[in-house]
Amino acid sequence: MIEDELALFDKSINEFWNKFKSTLSDTSCQMMGLRDTYKDSIKALTEKLSVKLKEEERMVEMFLEYQNQICRRNKLIQEKKDNLLRLIAEIKDKNEKLEVLTANIQDLKEEYARKKETISAANKANEEKLKRLQKSADLYKDRLGLEIRKIYGDKLQFIFTNIDPKHPENPFMFSLHLNEAREYEVSDSAPHLECLAEFQEKVRKTNNFSAFLANVRKAFTAMVYN
């Protein structure tokens, strides 16, 4: 009885062991299959991630290149803007200078017109004075033996004769012109007269040229007799 039970127990153990080994063998095969599958999956995933990473790297490079292009374009736009602003400032400055120059030219034109008018009036007055002098010269030539000549520097030379009774042809002369103040100015008397400056001041004040000529002739005459 006991032997039968032991045999039965031994049989049961053997069956359990065989089943366990069979199960363990199947599990090992399954583990090997899972391991291979896992390796394949990891490999495929790694390849996909590698491809994805390269694509992302290209995207980053493209983004950085695009960003650099934008920076370069912005810099170029800023340079053009600065150049344009500088050009506008230069044009504005030139326009202001042109306005000032135009105003100065206009002032010069007006000043020239005023000076031209003044000179014209002065020339006209000089012509009138010269006409009066010429008229007086014609008169005094007959009465006082006076000859008037126009010499260098717009001067008039007054030559008296018939002063020295012994030598009536001997000349007594002086020169006269109008200075910048349009006043009579006497010079170059021959022979020299000390009183000529006094006569000059007197004719400037009185504008009596006939009396001036008479006084000069008297002074030359007094020189001869003295």
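Guide: Let us begin with Phe209, which lies in helix α3, where a helix is a DSSP run of H or I with at least four residues, a strand is a run of E with at least two, and both are numbered from the N terminus. This is a predicted model, in which local features need pLDDT of at least 70 and side-chain atom pairs count only at pLDDT 80 or more, while totals for chains, interfaces and linings use all residues. Residues are numbered from 1 along each chain as its sequence is written, and side-chain values use heavy atoms, with hydrogens and water left out.

Visitor: Why is Phe209 called buried?

Guide: Buried means under 20% relative accessible area, exposed means over 50%, and partly exposed lies in between, with a 1.4 Å probe and protein chains only. Phe209 has a relative accessible area of 8%, and therefore counts as buried. Phe209 and Arg132 are 77 residues apart in sequence, and their C-alpha atoms are 9.4 Å apart in space.

Visitor: How do you know which side of α3 the buried residues are on?

Guide: The buried residues of α3 are Phe209, Phe212, Leu213, Val216, Arg217, Ala219 and Phe220. They cover an arc of only 155 degrees around the axis, so they are on the same side of α3; the arc is taken from the directions from the helix axis to the C-beta atoms. On the other side of α3, Lys218 and Tyr225 are exposed.

Visitor: What about helix α2, and which of its residues are buried?

Guide: In α2, residues 196-206, the buried residues are Leu196, Phe199, Gln200 and Val203. Their arc around the axis is only 105 degrees, which puts them on the same side of α2. Glu198 and Lys205 are exposed on the face turned away from that buried side.

Visitor: What makes Lys155 and Asp188 a salt bridge?

Guide: A salt bridge is a side-chain nitrogen of Lys or Arg within 4 Å of a carboxyl oxygen of Asp or Glu. In the pair of Lys155 and Asp188 the closest N and O atoms are 3.6 Å apart, and the pair is a salt bridge. Lys155 lies in strand β2 and Asp188 in strand β4, so the pair ties together parts that are 33 residues apart in sequence. Lys155 is buried, because its relative accessible area is 15%, whereas Asp188, at 43%, counts as partly exposed.

Visitor: Which residues are joined with Glu183 into one network?

Guide: Glu183 forms a salt bridge with Arg204, with the closest N and O atoms 3.7 Å apart. This pair links distant parts of the chain, with Glu183 in the loop between β3 and β4 and Arg204 in helix α2, 21 residues apart. Salt bridges that share partners join Glu183, Glu201 and Arg204 into one network. The structure holds seven salt bridges.

Visitor: How many disulfides does the structure hold?

Guide: A disulfide is a pair of cysteine sulfur atoms within 2.5 Å, and the structure holds zero of them. As for the cysteines Cys71 and Cys195, Cys71 counts as partly exposed at 47% relative accessibility, and Cys195 counts as partly exposed at 23%.

Visitor: Finally, how many helices and strands are there in the protein?

Guide: The protein has three helices and four strands, and from the N terminus on its elements run α-β-β-β-β-α-α.
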